[in-house]
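Subject: Structure for you to look over

Hello,

Here is the structure I promised to hand over. Please open it first, then read my notes below.

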Amino acid sequence: HPTYEKLAFPSSSFLDDVRAIEAVRLHAARGGHPSISTLGSTWGAELRALLAVVGNHASYGHAPGLAPAVAGQPSVADVARIWEHWGIPRSELAREGQPPRPFMAALGNPVDKSVSPRMHNSALRSAGRMERYVSWHVPSSASALRLAISVAPRIGLVGASVTYPHKSDAARMAACDAVAKAVGAANQLKFHADGKVDATNTDATALRDLLQPHVRAGTTAVVIGAGGAARAALWALRKLGATSTFASRDPGRAEAAKSLGRWVPWSERGDLRADVWIQATTVGLQPGEPSPATPHGARVAFELNYKGGTTAFQSEAARMGATILDGKTLVLEQAVHAQRFWFGTEPDRRAMEAALAR
């Protein structure tokens, strides 16, 4: 039986969490059997689940019905639920005699509800690849994202999906392809051993492919929002020949999207009419919250958010008689494009669909 090398230390920042990941990875790569934990981390259970994927051979948590041994200690059940949510069975965690796995991650804040790990792990497993995919909570600051990117080669992070609020910052920190440059946001990163980071925007290319049956030259479109997802939609619509207008609450944020479409103030969104409407804000996602807009004239309405149910915007679009496309469709398509970007091969779409349906 191996001897586990236990190290526990207080965590007061994201930097401390990164130190734990790096220590686990380096010690496991040298043949050690690390059992490293941070105490007091806001994301204690998620971090311990991640550490087990990247090289931790053991961890500690309190059993059902018992109090934590120290303040903030997660339960064993909490950690196990995260592995289950990610679609990673315990047989695929760090094991005796095996080097630590390379891994991939969804980077964002919050990111714990992301369905990406389950989808990507199904495709990785189907392809016989060693990588596994996790969620990694990265605080809402450019410096936190920069730190995560800078340590990637040292901790075995080979690819990442970037979500809110980091897409624009990611585009400034990586070598962007033409799509990410045009959109001004990156949602996929590929890390190289020499420190180079490649970036693309699969939201944009996936939206182009999904909208193609519904959009042609001369089609009119309205996009609600001006963030990374909205700019991806405007890019896709322009590529397909549509004439686009977008409305947003923040005029300053709209500046980055004005090269892709015509902007109108938020107060004027009720006057808009178009063939295609795309909803790219977080408005209307909570129970009882009204839709951000009524899609007047819509033949097609696309809700980019995926929340596992009908949004207020989708209800309004149904009332208008529009064909509705939902965020689940985009989640799957952009993930397929992401695997092509990372590996240059076609992923198992059926495996990803099945994982998303669970």
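Start with helices H8 and H9. H8 covers residues 202–211 and H9 covers residues 228–239. Their axes come within 8 Å and cross at roughly 45°. That makes the two helices oblique to each other. The crossing of H8 past H9 is right-handed. Keep in mind that this is a predicted model.

Which residues make the contact between H8 and H9? From H8 come Asp 203, Ala 204, Thr 205, Leu 207, Arg 208 and Leu 211. From H9 come Ala 229, Ala 232, Ala 233, Trp 235, Ala 236 and Leu 237. Nine residues of this contact are nonpolar, one is polar and two are charged.

H2 runs over residues 44–54, and H3 over residues 76–86. Here the axes come within 9 Å, and the crossing angle is roughly 60°. H2 also passes H3 in a right-handed crossing. On the H2 side, the contact uses Ala 45, Glu 46, Arg 48, Ala 49, Leu 50, Ala 52 and Val 53. On the H3 side, Asp 78, Val 79, Ile 82, Trp 83 and Trp 86 take part. This contact holds nine nonpolar residues, no polar ones and three charged ones.

Now the sheet. It is open and has six strands, in the order S4-S3-S5-S7-S8-S6. The pairing is mixed. The edges are S4 (132–137) and S6 (175–176), each of which pairs on one side only.

- S5 (residues 157–162) and S7 (residues 188–191) run antiparallel and are joined by three bridges. Ala 160 stands opposite Leu 189 in S7.
- S7 and S8 (residues 197–200) are also antiparallel, with four bridges between them. Leu 189 has Ala 199 in S8 as its bridge partner.
- S8 and S6 run parallel, joined by two bridges. Cys 176 stands opposite Ala 199 in S8.

Ala 160 faces Leu 189, Leu 189 is bridged to Ala 199, and Ala 199 lies opposite Cys 176.

The turn from S7 to S8 has its own detail. This hairpin has five residues between the strands. One of its features is Gly 195, which takes a positive phi near 95°.

Next, where are the cis peptide bonds I noted? One joins Asn 109 and Pro 110, with omega about 0°. Pro 110 is in the loop between strand S3 (103–108) and helix H4 (116–126). Another joins Tyr 164 and Pro 165, with omega about 5°. Pro 165 is in the loop between S5 and helix H6 (167–173). Both S3 and S5 belong to the six-stranded sheet described above.

Last, the chain as a whole. How many helices and strands does the chain have? There are 13 helices and 14 strands. Along its principal axes, the C-alpha trace spans about 70 × 45 × 40 Å. The chain has 358 residues and a radius of gyration of 22 Å. A compact globule with 358 residues would come out near 21 Å, so the chain agrees with that expectation.

Best wishes

Note on methods. Residues numbered from 1 in each chain as written. Predicted model: local features only at pLDDT ≥ 70, side-chain atom pairs only at ≥ 80, totals over all residues. Heavy atoms only, no water. Pairing = 2+ DSSP bridges. Axes fitted to C-alpha atoms, helices over the stretch in contact; angles between N-to-C directions. Parallel < 35°, antiparallel > 145°, perpendicular 65-115°, else oblique. Left-handed = near helix turned anticlockwise from the far one by under 90°. Contact = heavy atoms within 4.5 Å. Nonpolar A, V, L, I, M, F, W, Y, C, P; charged D, E, K, R; others polar. Rg over C-alpha atoms; globule rule 2.2 N^0.38 Å.
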